[in-house]
Every structure is written in structure tokens, then in C-alpha cells.
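Please read this briefing alongside the sequence and the model. It takes up confidence, charged pairs and aromatic rings in turn.

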Amino acid sequence: MRYLTYVLVFSLFVLINPVDALAQWTSGRPDGHAPIGVMGDHTHGAGEFMLSYRYMYMNMDGNRDGTDGLSTDEVVDPNGQNFVIAPVNMPMGMHMFGMMYAPTNELTLMAMVPVISLEMDHVTRAGGAFTTSSSGVGDIKLSGLYKIASFGNSRVHLNAGVSFPTGSIKASDVTPASAPNASQLPYPMQLGSGTVDLMPGITYLGQTPDWSWGAQAKGVVRLGENDQDYTLGNRFLFTTWGARKLTPWISASARIEATNWGDIDGASPAYAGAVNMRMVPTVFTELRGGSRVDAALGLNTYVLGGPLYGLRLAVEGVVPVSQNLNGPQLETDWQIVAGLQFAF
């Protein structure tokens with residue numbers, strides 16, 4: 001029912017937005033692309049390339065169960081009724097390298113390569129503290145964006161992508177329980193899904209001389225089971241935004257994003273002992289799902305002349321409006337996305 005609601009809202013958004021029949025949609029302005037936190041938002045003309053780089057940083061701090069925040073003592077019960085270890089903080093950084101190429105005016109091809117860095121701070125029931133980390137290439141994604149409608153100042157395209165399991169699902173580090181040896185880290189510290197994943201979606205864009213807007217609905221559908229005997233939960237995202245062109249070269253944007261993701265199906269045998277001992281909540285597959293609504297503000301700049309004509313520099317800050325997590329699970333505090341895009 002939740003997914004149906006998102007689709008209905010998206011459809012209503014497309015239908016009620018006014019269309020200026022005299023205007024033509026164009027990417028050659030500072031708000032000609034969606035905010036930098038949105039991917040797969042636009043198509044290109046035949047023969048055009050675009051290179052992109054984004055840096056995304058997310059900070060997760062404190063635990064939550066449902067919509068309620070939990071103290072560390074509520075996760076790590078001194079009387080031994082809960083978990084031995086509690087995660088307390090998790091910063092995540094990701095470099096995303098992208099390329100787009102349009103063989104025709106209708107079809108744009110896109111490749112995305114993420115390089116991920118993860119850390120997680122923990123406290124123990126005995127009062128100790130330790131940090132684990134993992135880093136490397138994540139799952140590489142290939143997509144096609146196919147324009148299905150273009151009318152005046154609006155356009156619609158389909159998103160169809162595949163994510164390949166190039167990110168590690170066996171990342172390890174030394175913990176107090178495994179020292180001096182390394183042990184396989186829990187699910188949130190892995191760099192990929194371990195499965196081939198489908199990424200369907202649809203995107204709508206519109207413009208007037210000084211304003212632009214858009215909406216996007218996307219999903220991640222996991223196929224099969226990885227070689228660790230589990231499947232990450234499917235994910236659904238809906239986002240909508242509006243932007244105002246402040247000058248010919250700069251624009252400001254506001255965006256709302258709703259995300260829902262499922263628990264893990266199956267379980268890795270590497271965590272069987274930790275589950276039996278109720279070691280840490282991050283190894284429990286039923287504590288991985290949830291939903292979140294985020295609000296974002298951004299700035300987008302566009303170079304209008306010289307050898308860097310068409311270069312875009314953009315930044316977007318994101319904070320959660322609401323979170324409902326199958327916890328105990330670390331909650332998101334804030335995110336920032338910065339990047340550049342250069343078409344030629």
C-alpha cells in the first residue's frame with residue numbers, strides 16, 4: 001500500500017504541474033539538472049558524453065527502534081538481558097565516479113563506480129570501546145535512460161539499470177573478540193550486496209523560465225541469494241524537488257525524499273555464533289529494514305563560457321524528517337553530497 005501511495009503521488013504531481021507551451025525544456029542552465037543527490041535524472045542529446053564525480057558523506061549516530069531513540073544502556077543492558085556490544089556511530093564516505101553517453105536522442109547510457117569507506121564505533125557491556133572499518137570498490141551499476149515523452153517544457157524518461165556484485169561481502173577487521181585475528185564484519189560494514197540487482201524507475205522533469213521541478217520513483221530489486229546465503233532487502237525511493245534560477249549561472253533547490261528498505265532474507269553462517277550469544281544487533285537480519293523521509297537544500301552552479309563551458313558544481317545538504325527503523329539500528333543524523341558534472 002505504501003508503494004502504491006508513492007506512485008499515485010508521483011502521477012498526480014505530473015498531471016497537475018502547469019506546462020508553458022511556448023517553452024522548451026533545456027539542460028543549458030544552472031537548474032537544468034536535478035539536485036546533485038539525485039542520480040539518473042536527465043538524458044542527453046545524441047553523441048553527447050558527460051563525466052561526473054560525487055562525494056557523499058553520511059553520519060549515523062545513536063540507535064533507534066521504530067520511531068523511538070534508544071540510549072546505549074538500553075541496547076547494552078548491564079544485567080545481561082540484551083546485547084553484549086552496541087554500535088554508537090557510523091560515518092560513511094563514498095566517491096562516485098560516473099559516465100554518461102547518448103547514442104541517440106532518446107537513449108542515454110550510464111555507468112557508476114562507487115569507492116566506499118566505512119567506520120563503526122562500538123561500546124561494550126563491560127565499558128570498553130573499539131572501532132572497525134572497511135573500504136574498497138562497491139557494486140558497479142550500468143543503466144539505460146530512455147526518453148518516452150517530451151512536451152513543451154516537460155519530459156519523462158524511464159530508468160532501467162543493473163547493479164553487479166563487485167563490492168565485497170566478506171570484509172573483515174580485528175575486534176576484541178577475534179584479536180589478534182580479523183573476523184568478518186557485520187552486514188552494514190560490507191561494501192556490496194553480493195547479488196545482481198535490478199534498478200527500475202521513472203523520472204519526470206519540468207521547467208519555466210525561472211523555475212524547474214521534477215520527481216523520480218526508483219527501486220532496487222535483489223535477484224537470488226549471494227554466496228553467504230542471504231539477500232539484502234529490496235529498496236524503494238521516491239523523491240520530488242523544485243529549484244529556482246537565481247542568476248544565469250546559479251540556482252537553489254529544495255527536495256523531499258522518502259526511502260523504504262526491507263530486512264535481510266536468509267543469514268550468513270559467519271555470524272551464527274554472534275547471533276547465539278546476542279553479541280551485537282548488526283548481525284541480526286530482522287534488524288536491518290526501515291523507512292526514512294529526508295529534506296534537502298542545495299546549490300547548483302553552471303559555467304557559461306570559456307574552456308569549462310557547461311561545467312556544473314553542486315552541493316546538497318540532507319537531514320532526516322522522520323525515521324522508522326527495525327531496531328536497535330543506527331539512525332541517520334545528516335548527509336552532504338557535493339560533485340561536479342562536465343558534458344561535452
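What follows is a set of points grouped by topic. This is a predicted model, in which local features need pLDDT of at least 70 and side-chain atom pairs count only at pLDDT 80 or more, while totals for chains, interfaces and linings use all residues. Residues are numbered from 1 along each chain as its sequence is written, and side-chain values use heavy atoms, with hydrogens and water left out.

**Confidence**

- The protein chain has a mean pLDDT (the predictor's confidence in each residue, from 0 to 100) of 92, and 92% of its residues reach 70 or more.
- Over residues 3-22 pLDDT stays under 50, and for this stretch the model has 26 contacts beyond four places in sequence, a contact being heavy atoms within 4.5 Å.

**Salt bridges**

- The whole structure holds 7 salt bridges, each defined as a side-chain nitrogen of Lys or Arg within 4 Å of a carboxyl oxygen of Asp or Glu.
- One of them joins the side chains of Glu331 and Arg64 at 2.5 Å, N to O; because Glu331 lies in strand β17 (residues 312-343) and Arg64 in strand β1 (residues 49-66), the pair ties together parts that are 267 residues apart in sequence. Strands (E, at least two residues) and helices (H or I, at least four) are DSSP runs numbered from the N terminus.
- Glu331 is buried at a relative accessible area of 14%, and Arg64 is buried at 16%, where buried means under 20% relative accessible area, exposed over 50%, and partly exposed in between (1.4 Å probe, protein chains only).
- Another salt bridge pairs Arg222 with Asp197 at 2.8 Å, N to O, and both residues are buried.
- Arg255, Glu257 and Glu316 are linked in a network of salt bridges.

**Aromatic rings**

- The structure holds 9 aromatic pairs, counted where ring centres of Phe, Tyr and Trp (its six-membered ring) lie within 6.5 Å, with planes under 30 degrees apart taken as stacked, over 60 as edge-to-face and the rest as tilted.
- Among them, Tyr57 and Trp334 have ring centres 5.4 Å apart and planes at 35 degrees, so the pair is tilted; it links strand β1 with strand β17, 277 residues apart.
- Tyr57 is partly exposed at 25% relative accessibility, as is Trp334 at 38%.
- Phe83 and Phe284 have ring centres 5.4 Å apart and planes at 80 degrees, so this pair is edge-to-face, and both residues are buried.
- The charged end of Arg278 sits over the ring of Phe83, 4.4 Å from its centre; the criterion is NZ of Lys or CZ of Arg within 6 Å of the ring centre and within 35 degrees of the ring normal.
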